[in-house]
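The sequence and structure come next, followed by notes grouped by topic.

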Amino acid sequence: MAEKLTNEQQSAVDSRERSLLVSAAAGSGKTKVLVERLFSYVEREGANLDDFLIITYTRAAASELRGKIAKALNERMERDPGNYHLRQQMLRVYRADIKTVDAFCTSLLRENCHLLGEDARGHALRPDFRVLDENEAEVLRGRVLARTLEDFYDHLTSGGTLLADTLGAGRDDSALEQLVLELHEKIQSHPYPVRWLHQAADGWQQLPETLADSVYGRTVMGDTVRKALFWAEQLERAAEAMEDCEAVYNAYADRFLETAAQLRQYEQAAQEGWEAMGRVEPVFRRMGAVRGDENGPAKAAAQAVLKKCKDALKKLTAPYQVPEAAHLEDLRATAPAMLALLRLTERFSQRYQAEKVRRNAMDFSDQEHYAVTLLCQ
């Protein structure tokens, strides 16, 4: 007999007309909920199994899921052998789109790559394109980057000179090569990589008057707030755990809670600006003495949290030791080199993409980017 769903699982099965995220630990029944939700559409609303797109991360997971759906279908057929709609699903289950992200994108592109059109050189992807393995892609990137850097050095701007001198003192471009490749790789996680480069360039061309209005400032301040709240919660939990040991509680708890309160001040300071963040200086008051071997384990646990938090505080407060004006001056001095780096990365990305199209090939990230283009154009 099939295990009955919990109220939360049944709610996930029955929910309609909105996006749904099911987050739970391994082995908690997420796949069962997915299968039951699928059949709720089939049995209640007359849908067919091949009406759905079901995405997994690996081929093994896709195969296992198809097997579970087929098994669930057989169980329903045994309970209701005269159900014509269910009998139809026996064929459709093997036609259903249950596949990995890569497999879905590849299938979509082979059927529709003609919709992508030609590039500036008149080249276009054909349905028989191939996916480069990582070794091929690495060699091709190296060749394209070498040519791109030659052009970069032949037409150096003031920003390009600053970039080259900063990374290699004008003598060694290996650091610049690595930086371009790293940036290119990181932006592949964005749906539109070149658009991201343009947005980043806009930010460097129009630097704000305050750090809080800059990407750098927002990133650092936001990171500080997240970490500060994390450690505040850790200290509060540690203080609560000390309640079982009076000696440790009396020696440590109030100090932990004081520092936790100071850490929580970062959240309000972030609304006021960089200098306000610098005025928050969370510190630990000297801990009291704890004697007696029976208090050793509780004391050791408290000291472990204390040490980790002290180490975190050093990193947390470090950026604010530099005044806002000095940071802004550094950003303005760095801006020409950053703009040159973004333009160089864009030129490399475009040339690499064009070379792949010329060869009727793509790498793994291209499949997803092209699929986004087809689905969103």
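The model is predicted. The chain holds 15 helices and 4 strands.

**Whole chain**

- The C-alpha trace spans about 75 × 70 × 35 Å along its principal axes.
- Of the 377 residues in the chain, 37% are buried.
- Taking contacts between residues at least 6 apart in sequence, 73% join residues at least 24 apart.

**Helix 10 and helix 11**

- Helix 10 covers residues 215-241 and helix 11 covers residues 246-272; their axes lie 8 Å apart, at an angle of about 160 degrees.
- Angles over 145 degrees count as roughly antiparallel, so helix 10 is roughly antiparallel to helix 11.
- The crossing of these two helices is left-handed.
- On the helix 10 side, the contact residues include Met221, Val225, Leu229, Trp231 and Leu235.
- On the helix 11 side, they include Tyr249, Phe256, Leu257, Leu263 and Tyr266.
- Charged residues in this contact include Glu233 and Glu236 of helix 10, and Arg264 and Glu267 of helix 11.
- By class, the contact of helix 10 with helix 11 has 17 nonpolar, 2 polar and 4 charged residues.

**Helix 9 and helix 14**

- The axes of helix 9 (residues 193-205) and helix 14 (residues 324-358) come within 9 Å and cross at roughly 165 degrees.
- This angle makes helix 9 roughly antiparallel to helix 14.
- Helix 9 passes helix 14 in a left-handed crossing.
- Helix 9 contributes Val194, Trp196, Leu197, His198, Ala200, Ala201, Trp204 and Gln205 to the contact.
- Helix 14 contributes residues including Leu331, Met338, Leu339, Leu342, Arg343 and Glu346.
- Sorted by class, the contact of helix 9 with helix 14 has 11 nonpolar, 5 polar and 2 charged residues.

**Trp196**

- Trp196 is found in helix 9 and is one of the residues in the contact with helix 14.
- With a relative accessible area of 28%, Trp196 is partly exposed, because the cut-off for buried is under 20% and that for exposed is over 50%.
- Leaving aside residues up to four places away in sequence, Trp196 touches Leu183, Ile187, His190 and Leu342; Leu342 belongs to the helix 14 side of the contact.
- Trp196 and Glu324 are 128 residues apart along the chain, and their C-alpha atoms are separated by 26 Å.

Technical notes. Residues are numbered from 1 along each chain as its sequence is written. This is a predicted model: local features need pLDDT of at least 70, side-chain atom pairs count only at pLDDT 80 or more; totals for chains, interfaces and linings use all residues. Side-chain values use heavy atoms; hydrogens and water are left out. Axes are lines fitted to C-alpha atoms, for helices over the stretch in contact, and angles run from 0 to 180 degrees between N-to-C directions. Angles under 35 degrees count as roughly parallel, over 145 as roughly antiparallel, 65 to 115 as roughly perpendicular and the rest as oblique. A crossing is left-handed if the near helix is turned anticlockwise from the far one by less than a right angle, and right-handed if clockwise. Contact means heavy atoms within 4.5 Å. Buried means under 20% relative accessible area, exposed over 50%, partly exposed in between (1.4 Å probe, protein chains only).
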